[in-house]
Amino acid sequence: MPIAFLSTPLAGMAAAILVVMAVIHMYWALGGSIGVEALVPQTAKGPLFRVSASMTLIVALVFILAADLMFTRLGMAATRIPPESVQVACITMAAAFLIRAVGDFRYVGFFKRVRGSRFAQLDTTLYSPVSLFLSVAIGVNSL
């Protein structure tokens with residue numbers, strides 16, 4: 001495997017990014033306000049939907065679980081889950097981040113058409129590129 005030497009550093013970076021994303025979402029779930037205006041896609045009428053604190057906390061927990069999967073793949077976390085199941089979960093996670101990066105072709109992702117909002121700007125410069133990086137990093141580690 002010519003890319004095997006990249007697997008560990010990419011997995012470590014992916015795990016770190018997932019932990020940071022979890023912490024940011026926990027901050028928002030607990031009432032933090034920095035960055036809230038760019039949380040969801042916007043239209044001229046305002047946000048497409050409202051995000052509750054409980055839903056934001058669930059997203060944070062999903063990111064923690066995703067980071068735990070990466071730590072498990074790195075051999076830094078013990079689990080009773082069979083390695084094959086961890087591998088399938090990681091492949092699924094890589095696919096999910098790839099789908100997020102590509103987007104819905106309207107409000108989210110590299111191919112979105114609605115581009116005027118703060119969310120859209122951050123989605124183009126940060127959210128979608130990070131999603132693509134996570135997809136590649138997790139995917140390479142799952143081979």
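**Entry 1: the model**
I am working with a predicted model, so every value here is computed from it.

**Entry 2: the largest pocket**
I began by looking for open space. The largest pocket holds about 840 Å³. Its lining takes in 28 residues, and I marked Met21, His25, Phe63, Arg100 and Tyr127 as the ones nearest the centre. Next I asked which elements give two or more residues to this lining. They are helix H1 (4-29), helix H2 (53-73), helix H3 (83-102) and helix H4 (118-142). I then sorted the lining by class and found 24 nonpolar residues, 3 polar ones and 1 charged one.

**Entry 3: the second largest pocket**
How much space lies in the second largest pocket? I found about 210 Å³ there. This pocket is lined by 14 residues, and Val36, Leu39, Val40, Arg50 and Val51 sit nearest its centre. Its lining is made up of 8 nonpolar, 4 polar and 2 charged residues.

**Entry 4: H2 against H3**
I turned to the helices next. To describe a packed pair, I need the angle between the two axes and the distance between them. For H2 and H3 the angle is about 130° and the axes are 10 Å apart. That angle makes H2 oblique to H3. I noted the crossing as left-handed. On the H2 side, the contact is made by Phe63, Ala66, Leu69, Met70, Thr72 and Arg73. On the H3 side I listed Pro83, Val86, Gln87, Ala89, Cys90, Met93 and Phe97. By class, this contact has 10 nonpolar, 2 polar and 1 charged residues.

**Entry 5: H3 against H4**
Are H3 and H4 roughly parallel or roughly antiparallel? Their axes come within 8 Å and cross at roughly 155°. Angles over 145 degrees count as roughly antiparallel, so H3 is roughly antiparallel to H4. This crossing, too, is left-handed. From H3, the contact includes Gln87, Cys90, Met93, Phe97 and Arg100. From H4, I picked out several residues, among them Phe119, Asp123, Tyr127, Leu132 and Ile138. The contact residues divide into 12 nonpolar, 6 polar and 2 charged.

Notes: Residues numbered from 1 in each chain as written. Predicted model: local features only at pLDDT ≥ 70, side-chain atom pairs only at ≥ 80, totals over all residues. Heavy atoms only, no water. 1 Å grid on protein atoms, 1.4 Å probe; cavity = no way out; pocket = protein on both sides within 12 Å on 5 of 7 lines; lining within 4 Å. Points joined across faces, edges and corners; volume = space filled by probe spheres on them. Helix = DSSP H or I, 4+ residues; strand = E, 2+ residues; numbered from the N terminus. Nonpolar A, V, L, I, M, F, W, Y, C, P; charged D, E, K, R; others polar. Axes fitted to C-alpha atoms, helices over the stretch in contact; angles between N-to-C directions. Parallel < 35°, antiparallel > 145°, perpendicular 65-115°, else oblique. Left-handed = near helix turned anticlockwise from the far one by under 90°. Contact = heavy atoms within 4.5 Å.
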